[in-house]
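Please work through the exercises below with the sequence and the 3D structure at hand. Each task is followed by a solution that goes step by step.

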Amino acid sequence: MEIEGTVNKVLAPVKGTSARGEWTKQEVVLDLPGDFRKKVCISFWGDRAAEAASLKPGEAVTISIDVESREYNGRWFTEARGWKIVRKATEQPSFPADMPTPPVFEEDTPFKEEPDDLPF
């Protein structure tokens with residue numbers, strides 16, 4: 001599943017040690033487009049956490065995620081795990097094809113200052 005949005009916040013990384021070794025988790029909060037503002041927190045684990053940490057607030061991205069629910073002590077918890085980040089290029093303003101090109105000024109022509117006869 002893919003989610004498109006704008007990075008709202010990059011949370012502090014969480015690190016720890018388990019029976020399998022050290023782990024790192026990076027969470028990123030996205031603003032989703034639409035009539036009603038929605039936010040989604042996406043978790044990145046392991047090697048993908050470093051890439052997620054490099055995101056900046058306001059950056060437009062598309063993130064591929066897997067959604068998983070787990071039970072713990074009779075309660076269910078759902079997590080969106082990100083596994084791919086595609087940054088959208090900032091769009092440059094496009095000019096019409098029939099627009100004339102601006103004049104090119106040569107720097108070889110010296111600029112002549114005329115004397116200023118104003119009293120102030």
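**Exercise 1.** State the accessible surface of the protein and the share of carbon and sulfur atoms in it.

Solution. The accessible surface, from the Shrake-Rupley method with a 1.4 Å probe, comes to about 10300 Å², and 53% of that surface belongs to carbon and sulfur atoms. This is a predicted model, in which local features need pLDDT of at least 70 and side-chain atom pairs count only at pLDDT 80 or more, while totals for chains, interfaces and linings use all residues. Residues are numbered from 1 along each chain as its sequence is written, and side-chain values use heavy atoms, with hydrogens and water left out.

**Exercise 2.** Find which strands pair with strand 3.

Solution. Helices (H or I, at least four residues) and strands (E, at least two) are DSSP runs numbered from the N terminus, and two strands pair if DSSP finds at least two bridges between them. Strand 3 (residues 21-32) runs antiparallel to strand 1 (residues 2-10), with four bridges, and K9 stands opposite V29. Five bridges join strand 3 to strand 2 (residues 14-18), again antiparallel, and here V14 has K25 as its bridge partner. Strand 4 (residues 38-45) pairs with strand 3 over eight bridges in the antiparallel sense, and K25 stands opposite W45 in strand 4.

**Exercise 3.** Is N73 buried or exposed?

Solution. N73 lies in the loop between strand 5 (60-72) and strand 6 (75-87). N73 counts as exposed because its relative accessibility is 67%, where exposed means over 50%, buried under 20% and partly exposed in between (1.4 Å probe, protein chains only). N73 also has a positive phi of about 55°, although it is not a glycine.
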